[in-house]
Amino acid sequence: MHTWEKISPFYNIARMIDMMTLFIKIMLIAVVLISIMNVMIMAVYERVREIGTMAAIGTLPRRILSMFLIEGLLLGVIGAAVGGILSVAAIRVINLFRFTYDFGQQKGLVLSASLYPHDLLMISGIVIAVAVVASLQPA
């Protein structure tokens, strides 16, 4: 007895598409990591005098570290919120125009884009976590 996945000729194609999607997600997370790290490194370099002054008046190093971690957290939260709003708007526009395409013998199939809330929350959480981790090194 065979499952429909093993019999279907599109099963391997679907697996390859899932694998490509995973690699694209990993690449996007790497881009977010490098971008946030670059912003945070520049923030630290531009504030060397202020950091030195704060340290000279007795501010604890972990307090200075927490300031940069909070800044990274806010960058992640704001970036995730703006990205989520833009993606929902883009999906609405795509669905509003009702783009059609042909697939084999089927003509006039309507493209229907969707975004599940749990996917949006999961990606937003990953972006926020990566932003905090990326702000650790410069801080």
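There is one aromatic pair in the structure, where rings of Phe, Tyr and Trp (its six-membered ring) pair if their centres lie within 6.5 Å. Phe 97 and Phe 99 make up this pair, sitting 6.0 Å centre to centre with 35° between the planes, and that counts as tilted (under 30 degrees is stacked, over 60 edge-to-face, the rest tilted). Phe 97 is exposed at 55% relative accessibility, while Phe 99 is partly exposed at 43%; buried means under 20% relative accessible area, exposed over 50%, and partly exposed in between, with a 1.4 Å probe and protein chains only.

This is a predicted model, so local features need pLDDT of at least 70 and side-chain atom pairs pLDDT 80 or more, whereas totals for chains, interfaces and linings use all residues. Residues are numbered from 1 along each chain as its sequence is written, and side-chain values use heavy atoms, leaving out hydrogens and water.

Both Phe 97 and Phe 99 also belong to a nonpolar surface patch of about 1300 Å², along with residues including Ile 13, Met 20 and Leu 111. Such patches take residues with over 30% relative accessible area and no salt bridge, joining nonpolar side chains (Val, Leu, Ile, Met, Phe, Trp, Tyr) within 5 Å. Helix 2 gives the most, with four residues. Leu 111 lies in the loop between strand 2 and helix 5 and is partly exposed at 37%.

The structure also holds one salt bridge, meaning a side-chain nitrogen of Lys or Arg within 4 Å of a carboxyl oxygen of Asp or Glu. Here Glu 71 and Arg 47 meet at 2.8 Å, N to O. Glu 71 is in helix 4 and Arg 47 in the loop between helix 2 and helix 3, 24 residues apart; helices (H or I, at least four residues) and strands (E, at least two) are DSSP runs, numbered from the N terminus.

How values were computed: Patches are made of residues with over 30% relative accessible area and no salt bridge: like charges are joined within 9 Å, nonpolar side chains (Val, Leu, Ile, Met, Phe, Trp, Tyr) within 5 Å. Accessible areas come from the Shrake-Rupley method with a 1.4 Å probe; for residues, only the protein chains shown count as cover.
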